[in-house]
Amino acid sequence: MPLSPRPLSGREAATYRTRVTLLGTAGGPPWWEGSDRQGISTLITVGDAQYLIDCGEGWGRSFRRSGESVPGFEHGIDRFRAVFLTHHHSDHTIDYPNLLLLAWHNGSNSLRQPIQIYGPGDRGSLPPIFGDPEIDPGVWCPESPTPGVHESTEKLLAAYATDINDRTRDEGKRNLRDIFEVHDIPLPTAATAHANIDPAPVMEPFQVYQDEYVTVTAILVDHRPIFPAFAFRFETADGSIVISGDTGVCDNLVTLARDADLLLHECIDPDWIEGRVGAKSGNDDPYLRQHLLAAHTPIDAVGPQAQKAGVRTLVLTHLVPGDTPVDKWQRAERGFDGLTVVGEDHMHFGLGAPIAHDPATLVAAAPEPARG
Ligand SMILES: [Zn+2]
């Protein structure tokens, strides 16, 4: 029986063909006081292929420092195969333009095929107004207020047209449409009609992507009012990895994570919510309190979810707020019989068995991140 996946240094992780690297573990758009966690982003490496899940603030710099980028000038993302966005909240996508625009300069000339990008499609309707219905905030971009990732990407690239035309005409850069292929994830038809009523109806996982290294399936999770919001499962020859995305307590997540080797699950500290809008906060707002609690999974509820799913290792990530102490997050292990790890940026996990033990090989494969 192989060991449960446990945290490894970059050098140890390089001995595994299949490994997971936490590039950023903070949730939410605020800059958390007293925390240097980067925005949410996760890297999966299988052999010479890499997969990026979410593009939170700082993923690029964190990727460079993780030891997982390809060494050498303009080679960093040579191994990227596919990118997956869980949902359209800015803390998961703010450095997506970084990927699109800097790819030219950090590996794309060596890419063997276009990078496949998958994300939620158009929501299809606006979310309801929360709070006082007399206060109408209006609609931003009413001609297309809830675009999917394909349309968003086109609009982002339009905003950067000056740079793109300069690089292609003056520097001979390749057409970006040859470098990226962007896909709205099609929803099973039964799930499409209830964005504002039941955003995560009971369903089975469905396949999103497959290549010779991974099969990726998705399921809708409950991050209302955001819709669609996905969790992803990566099935590899060495084991299975599930990334919850943002979700409240959700049966679909348990379905997707059944018997997984590694579950990366989001988590929120309910005391932080109490401090902002609880009864003793001076800003008592029970509706907003419930609203925040419904969209995320509190510390005490994560362990039971992992237990129901029967996963081997639970890793907490997307921590809100980013500055809650680790020993408090560790309480998530209650109710779970497996290993619980509080995620940190640049933490690695290996799946399957190690494949190389030559220290010289390891140094070449995964240099330690620079200090300072
Ligand atoms: Zn979110």
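**View 1. Strands 10 and 11 form an antiparallel pair.** Strand 10 (residues 230-236) is joined to strand 11 by 5 bridges in the antiparallel sense; strands pair if DSSP finds at least two bridges between them. Strands (E, at least two residues) and helices (H or I, at least four) are DSSP runs, numbered from the N terminus. A hairpin of 2 residues connects strand 10 to strand 11, and Arg 233 has Val 242 as its bridge partner in strand 11. This is a predicted model, in which local features need pLDDT of at least 70 and side-chain atom pairs count only at pLDDT 80 or more, while totals for chains, interfaces and linings use all residues. Residues are numbered from 1 along each chain as its sequence is written, and side-chain values use heavy atoms, without hydrogens and water.

**View 2. Strand 11 (residues 239-243) is mostly covered.** Of its 5 residues, 5 are buried (under 20% relative accessible area, 1.4 Å probe, protein chains only). Gly 239, Ile 241 and Ile 243 point one way, and Ser 240 and Val 242 the other. In a regular strand, side chains alternate between the two faces of the sheet.

**View 3. Strands 11 and 12 run parallel.** Strand 12 (residues 262-268) is joined to strand 11 by 3 bridges, and Leu 263 in strand 12 stands opposite Val 242.

**View 4. Phe 84 lies in the largest nonpolar core.** This core has 61 residues; a nonpolar core is a set of buried Ala, Val, Leu, Ile, Met, Phe, Trp, Tyr and Cys residues joined through side-chain atoms within 4.5 Å. Residues touched by Phe 84 include Tyr 51, Tyr 209, Phe 232 and Phe 234 (contact means heavy atoms within 4.5 Å).

Conventions. Buried means under 20% relative accessible area, exposed over 50%, partly exposed in between (1.4 Å probe, protein chains only). Lists of a residue's contacts leave out its neighbours within four places in sequence.
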